[in-house]
Amino acid sequence: MALRVLLSTTLLSSLLSLVLFSAVAAVISGRRGRRTAVGFFHPYTNDGGGGERVLWCFVRAMQEENPDLDRAVFTVDDASPQSLAARALDRFGVKLLRPPQSSVLNLRYMSAPPARFRSIISKFLLVLDRRARTSVFLMEADETKDQLMKWIEEHTYPHFTMIGQSLGSVYLLWEALCKFTPQFYFDISGYAITYSLARIFGCKLGYGFSRVLQHSSMYNNDAPIAIRCKLVYYTIFSWLSWSVGSCAHLAMVNSSWTRSLIDCLWKIPPLTKRVYPPCDTSSLQMLPLGKPVKSPVIISVGQFCPEKAHSLQLEAFAHAVGILDQDMPRPKLQFMGSCRNKQDEERLWKLKERCRELNLDNFVEFHRDASYRDLVQLLCGAVSGLHSMIDEHFGISVVEYMASAVIPIGPKMDIALNEGGRKTGFLASNKEEYTEAILKVITMAEAERLAIAAVVRKCTQRFSEQKFFKDFKAAVQPILAPKSSS
């Protein structure tokens with residue numbers, strides 16, 4: 001027994017030493033081979049959400065500001081640079097000056113070991129923990145996209161979701177930086193914890209727009225665990241956020257609320273810049289103010305993920321239709337969005353099933369993975385737009401509503417503020433309030449609706465793509481300057 005423990009301890013020590021040596025060697029190699037390039041960490045490049053649009057606008061702005069600087073998009077999506085550029089134009093109307101370099105993340109260190117070592121590893125893991133028979137060390141085949149994405153998807157971590165996703169993102173970035181180490185690194189997916197690793201590899205760090213904390217846990221964790229551990233859990237996570245955020249050379253935030261939070265957590269006010277995300281306001285503002293009122297259309301744009309609360313929108317719409325006077329025209333609800341994974345696909349399927357249960361087949365439409373041209377056409381015919389993501393402090397879809405003269409209905413945000421004392425939308429937080437707002441919009445007089453629509457459109461000028469490019473370039477210029485290179 002003593003000999004077995006000694007052998008296990010020796011083997012463990014040897015393996016840890018080997019892992020540590022390999023990690024140090026990888027970091028040294030990465031720092032020495034660091035490219036004069038900018039890397040964007042965005043695991044999802046086909047999610048169809050506002051974050052993807054921000055990504056391509058970032059790339060476009062970098063191409064304009066530093067045409068000689070290489071760009072790399074770190075993603076798990078197996079797509080060619082040409083297809084990524086085509087998608088940016090088709091889905092978001094963003095025309096890149098040239099395709100970005102795409103570095104596909106493939107697991108190496110978690111791949112199956114050579115056959116002669118597999119039985120030794122299996123026995124060793126069994127000594128440490130009998131449950132370790134399912135370890136990824138024993139996988140026979142190469143990892144697929146789904147197996148890569150599991151590291152950062154919320155369903156992989158039923159408990160302590162935010163920390164699990166954060167650590168998973170660090171692993172994915174490790175794989176990326178071992179293959180391609182850029183001089184400048186931007187995270188625009190909300191995985192701020194990756195900054196510590198990027199800093200170790202010698203990268204200049206920039207943070208862009210996404211929420212500081214990933215709030216998936218509020219939709220995913222068990223209530224008993226969340227209640228018992230919430231205080232300690234969020235204290236620890238806030239400390240982690242501060243420790244890694246303070247490494248950043250630049251933090252771009254999407255609203256005054258987010259800036260206050262960043263200043264409180266990261267304590268780097270001089271390096272924090274407010275840059276409103278890019279929204280296509282110029283072309284959308286060309287759409288007519290007048291909308292078809294014979295059958296008023298309400299639109300909902302957003303990924304079919306739990307945070308968007310599509311079921312709340314559907315239930316409120318059903319309630320509004322049920323209590324609407326019989327002599328009033330029947331409204332329609334159009335859902336437009338994308339699915340990131342199988343869980344989103346199941347969520348969409350359940351939403352359609354619920355629609356059938358409510359007998360709303362003739363009043364509800366679903367548009368999945370529609371093009372940017374389709375979005376413009378849908379916005380052209382809509383009188384109001386729904387948004388129900390409570391913890392999103394800047395919704396690009398809301399700005400698109402407003403630029404299109406579509407009256408927004410949603411939670412309180414920095415965007416939908418009163419303009420000169422005039423109403424620019426309706427605030428709602430539950431089914432009853434959403435129902436009431438829907439009824440107000442579809443029953444109001446045409447003159448009143450046009451007056452609100454005109455005010456709504458006017459106040460979106462500060463969110464234009466031109467304003468974004470100007471503010472973005474001003475924010476990144478100090479860290480891209482030659483004198484700041486290391």
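This is a short walk through the structure shown above, from the whole chain down to single residues.

The model is predicted, so local features need pLDDT of at least 70 and side-chain atom pairs count only at pLDDT 80 or more, while totals for chains, interfaces and linings use all residues. Residues are numbered from 1 along each chain as its sequence is written, and side-chain values use heavy atoms, with hydrogens and water left out.

Start with the whole protein. It has 18 helices and 13 strands. These are DSSP runs, numbered from the N terminus: helices are H or I with at least four residues, strands are E with at least two. Of the 486 residues, 52% count as buried. Buried means under 20% relative accessible area, exposed means over 50%, and partly exposed lies in between (1.4 Å probe, protein chains only). Contact means heavy atoms within 4.5 Å. Among contacts with a separation of 6 or more, 74% are between residues 24 or more positions apart.

Next, the cores. A nonpolar core is a set of buried Ala, Val, Leu, Ile, Met, Phe, Trp, Tyr and Cys residues joined through side-chain atoms within 4.5 Å. In soluble globular proteins, nonpolar side chains tend to be buried together. The largest core here has 38 residues. Leu 173, Leu 177, Tyr 185, Tyr 195 and Trp 266 have the most contacts inside it. Elements giving two or more residues to this core include helix 1 (2-32), strand 1 (35-41), helix 7 (194-200) and helix 10 (256-266). Helix 6 gives the most, with 6 residues. Apart from this core lies another, of 36 residues, among them Met 62, Leu 84, Leu 250 and Tyr 276.

Six strands form an open sheet in the order 10-9-8-11-12-13, with parallel pairing. Two strands pair if DSSP finds at least two bridges between them. Strand 10 and strand 13 (426-427) are the edges, each pairing on one side only. Strand 8 and strand 9 pair over 5 bridges, and Ile 299 stands opposite Gln 334 in strand 9. Strand 11 is joined to strand 12 by 3 bridges, with Ser 384 opposite Ile 407. Strand 12 is joined to strand 13 by 2 bridges, with Gly 410 opposite Leu 427.

Helix 16 (431-443) lies across strand 8, strand 11, strand 12 and strand 13. Helix 16 runs at about 165 degrees to strand 12. Here axes are lines fitted to C-alpha atoms, for helices over the stretch in contact, and angles run from 0 to 180 degrees between N-to-C directions.

Helix 14 (372-381) has two sides. Its buried residues are Tyr 372, Leu 375, Leu 378 and Leu 379.

Finally, two loop residues. Asn 359 has a positive phi of about 60 degrees although it is not a glycine. Asn 359 is exposed, with a relative accessible area of 63%. Ala 405, in the loop between helix 15 and strand 12, has a positive phi near 65 degrees. Ala 405 counts as buried, at 0% relative accessibility.
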